[in-house]
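Trainee: I want to learn how to read salt bridges in a structure. Could you take me through them?

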Amino acid sequence: MALIRNLEERRMERNSLHEEISASYTVFERDGRTFIQINSYGRKTREFQGKTSQSIQLDRVGAEQLHKILSDAFGF
């Protein structure tokens, strides 16, 4: 699990489209701060289905950065 507070753009030589997976999110507070946590669960063919594969957390700073990136990319 990782708390992301800074997102840095990195250009890649090759981009590929990944397989679709299931994910969930939760919003929680800790010590007066709000966080969003996103959990992914991997492929349907994995041995332990439903087990969390990856988790990321964003605080307000990270969420503001992600919001700007999404706004710029998708025109929200």
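Trainee: Is arginine 11 buried or exposed?

Mentor: Over 50% relative accessible area counts as exposed. This is a predicted model, and in it arginine 11 reaches 73%, so the residue is exposed.

Trainee: Which residue forms a salt bridge with arginine 11?

Mentor: Look for a side-chain nitrogen of Lys or Arg within 4 Å of a carboxyl oxygen of Asp or Glu. Here glutamate 9 pairs with arginine 11, and their closest N and O atoms are 3.2 Å apart. Glutamate 9 is exposed too, at 62% relative accessible area.

Trainee: How many salt bridges does a search of the whole structure find?

Mentor: Five. One of them joins aspartate 59 to arginine 33, with 3.3 Å between the closest N and O atoms. This pair links distant parts of the chain, 26 residues apart. Arginine 33 sits in strand S3, and aspartate 59 in the loop between strand S4 and helix H1.

Trainee: Is aspartate 59 buried or exposed?

Mentor: Under 20% counts as buried. Aspartate 59 has 4% relative accessibility, so it is buried. Arginine 33, at 40%, is partly exposed.

Trainee: Which residue forms a salt bridge with aspartate 72?

Mentor: Lysine 68, with the closest N and O atoms 2.8 Å apart. Aspartate 72 is exposed at 55%, and lysine 68 is exposed at 52%.

Conventions. Residues are numbered from 1 along each chain as its sequence is written. This is a predicted model: local features need pLDDT of at least 70, side-chain atom pairs count only at pLDDT 80 or more; totals for chains, interfaces and linings use all residues. Side-chain values use heavy atoms; hydrogens and water are left out. Buried means under 20% relative accessible area, exposed over 50%, partly exposed in between (1.4 Å probe, protein chains only). Helices (H or I, at least four residues) and strands (E, at least two) are DSSP runs, numbered from the N terminus.
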